[in-house]
Amino acid sequence: MSQSKTSITAASEANSFGKLPLTGAMLENLQRIGYEQMTPIQAASLPIALAGHDLIAQAKTGSGKTVAFALALLARLDAGRMAVQAMVLCPTRELAAQVTDEMRRLARAEENIKILSLCGGATMRPQIASLEHGAHIVVGTPGRILDHLERGSLDLSALNSLVLDEADRMLDMGFYDDIAAVAKQCPKERQTLLFSATYPEGIDKLTKQFLRSPQEVKLQSRHAATKIRQRWYEVQQDERLHAVSLLLAHFRPVSTLAFCNTKQQCRDLIDVLTAQGFQALALHGDLEQRDRDQVLIQFANRSSSVLVATDVAARGLDIDQLEAVINVDVTPEPDLYTHRIGRTGRADEEGWALSLASMDEMGRVGRIEVMQGTPTQWHKLSELTAASSEPLLPPMVTLQILGGRKDKIRPGDVLGALTGEAGFTAAQVGKINVTEFSTYVAVDRRIAKQALNKLNAGKVKGKRVKVRFLQETQN
Ligand code: ADP
Ligand code: MG
């Protein structure tokens with residue numbers, strides 16, 4: 001590359017990779033690959049990561065997060081030392097393969113750097129053999145990495161960088177315990193980088209436990225991007241519960257949290273919704289812990305459309321994808337209204353806040369209006385038309401595997417059973433929750449029956465398991 005070209009590039013591109021402390025060989029390699037400028041997340045996070053700080057980086061899918069950590073790992077690497085110096089944890093085999101490919105392309109700039117992918121679904125033996133030959137970087141899924149650590153085939157004593165990639169998805173899939181177990185076996189003196197597309201609550205727990213004074217880079221603040229569209233509907237007392245089904249049929253939200261002021265109202269609403277074919281579950285204080293867990297699991301994994309709750313029962317609830325909140329009754333305190341509707345419109349999603357009010361609740365509505373400082377948007381129930389003749393069904397179905405932590409089942413085992421022999425793709429598998437005695441896995445409704453049969457006929461973690469639908473399914 002000629003000198004003049006370099007200076008023109010540097011002058012005309014504010015986000016040039018040339019601003020970073022990278023080797024000439026690496027800069028040339030980036031040009032060769034066709035990466036001319038840093039993407040915004042790269043520009044924001046690379047200076048921090050290259051300086052050796054711990055980092056939490058959040059930016060949407062496709063924003064170039066892989067390069068953001070790969071360059072940092074490669075810059076720290078001592079190629080002359082054949083030992084695992086960096087490790088990347090990914091949620092699925094497919095994502096680990098993508099990361100491995102990208103890192104190999106970037107590593108071409110340096111001499112012989114060995115990057116090994118260690119994922120479930122493949123046999124252990126070849127992986128063990130590759131590890132014996134030595135590797136500088138390993139990329140893998142938490143369950144499989146843990147297997148290698150338990151067997152002693154992976155030595156992390158020389159590790160100086162740990163990356164948690166797609167942390168939100170890993171938490172979704174129930175990998176918290178596995179990640180924690182792996183992180184505990186990494187040397188304390190290390191750099192930890194966490195990358196995520198969204199920022200669900202669980203991430204805080206992870207960062208507090210495993211990152212040291214991390215710097216944060218968030219390209220879309222959840223609050224700036226929050227879009228809650230509020231609509232109010234005036235109802236007669238006797239049409240209130242039916243109005244909830246009209247709202248559901250009209251807006252067709254995948255997940256809806258419906259708030260009632262009393263437990264009795266919750267029970268009545270469940271009866272009405274169930275009779276009309278909606279998959280609705282109630283969350284109330286009288287539930288036993290196991291039932292409460294099952295309700296929350298089904299709602300959070302998108303196999304139940306509506307969760308009906310009182311404010312007390314919903315306390316502390318955190319659902320990252322919630323398309324709508326319906327206020328079946330108006331709250332007596334205006335603050336509670338803000339609290340209720342703030343649960344939707346998370347991340348960069350839009351959310352609906354739909355409220356029903358009868359004449360005798362107008363005083364409460366007035367107080368909410370004053371608190372918000374904006375006029376209430378009234379709409380008519382008669383505007384609501386069913387958007388489709390198809391019933392509103394949740395996209396996922398929950399399978400319950402009778403076996404859990406006590407049987408040493410881990411999320412990766414279940415994912416492996418479904419994506420390995422059974423032949424499903426990771427995209428057809430949703431959240432996986434492992435509890436003490438049971439494991440719950442959400443699968444795409446369209447393959448639910450096949451998945452059930454395949455799991456019942458096959459093995460999880462080398463053992464036969466009993467699997468059933470957690471709820472009666474309608475098809
Ligand atoms: P994320 O992890 O944020 O979802 P990826 O790391 O998978 O995103 O990158 C998305 C795409 O952007 C990939 O195809 C990658 O090759 C490309 N890419 C990454 N960095 C750059 C860059 N600086 N210039 C051009 N393309 C890039
Ligand atoms: Mg990524």
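In this predicted model, helix 15 meets helix 16 through a set of named residues: Pro 334, Asp 335, Tyr 337, Thr 338 and Ile 341 on the side of helix 15, and Arg 367, Ile 368, Met 371 and Gln 372 on the side of helix 16. Two packed helices are described by the angle between their axes and the distance between the axes. Here helix 15, which covers residues 334–341, and helix 16, which covers residues 362–372, pack at an angle of about 70 degrees, and their axes are 8 Å apart. Helix 15 is therefore roughly perpendicular to helix 16.

Strands of a sheet pair through backbone hydrogen bonds, either parallel or antiparallel. The sheet in question is open and has seven strands in the order 10-11-9-12-13-8-14, with parallel pairing. Strand 10 and strand 14 (378–379) stand at its edges; each has a single partner strand, so one side of each is left without a neighbour in the sheet. Helix 15 packs on this sheet and touches strand 8 (227–234), strand 9, strand 12 and strand 13 (350–357), while its direction makes about 150 degrees with that of strand 12. Helix 16 also packs on the sheet, touching strand 8, strand 13 and strand 14, and its direction makes about 155 degrees with that of strand 8.

Strand 11 can be followed in more detail. Strand 10 (residues 280–283) runs parallel to strand 11 and is joined to it by four bridges; in this pairing, Leu 283 has Ala 309 of strand 11 as its bridge partner. Strand 10, helix 14 (residues 289–300) and strand 11 together form a right-handed β-α-β unit. Strand 9 (residues 256–259) likewise pairs with strand 11 in the parallel sense, over four bridges, and Leu 257 stands opposite Leu 307 in strand 11. Strand 9 also pairs with strand 12 (residues 324–327), again parallel and over four bridges, where Leu 257 stands opposite Val 325.

In which directions do the residues of strand 11 point? Val 306 and Val 308 point one way, Leu 307 and Ala 309 point the other way, and all of them are buried.

Asp 178 lies in helix 9 (residues 176–184). Is Asp 178 buried or exposed? Its relative accessibility is 4%, and because buried means under 20%, Asp 178 counts as buried. With residues up to four places away in sequence not counted, Asp 178 touches Pro 142, Gly 143, Leu 146, Arg 410 and Pro 411.

Methods: Residues numbered from 1 in each chain as written. Chains lettered and ligands numbered in written order. Predicted model: local features only at pLDDT ≥ 70, side-chain atom pairs only at ≥ 80, totals over all residues. Heavy atoms only, no water. Axes fitted to C-alpha atoms, helices over the stretch in contact; angles between N-to-C directions. Helix = DSSP H or I, 4+ residues; strand = E, 2+ residues; numbered from the N terminus. Parallel < 35°, antiparallel > 145°, perpendicular 65-115°, else oblique. Contact = heavy atoms within 4.5 Å. Buried < 20%, exposed > 50% of the residue type's maximum accessible area, 1.4 Å probe, protein only. Pairing = 2+ DSSP bridges. Right-handed = clockwise from strand over helix to strand, strands pointing away.
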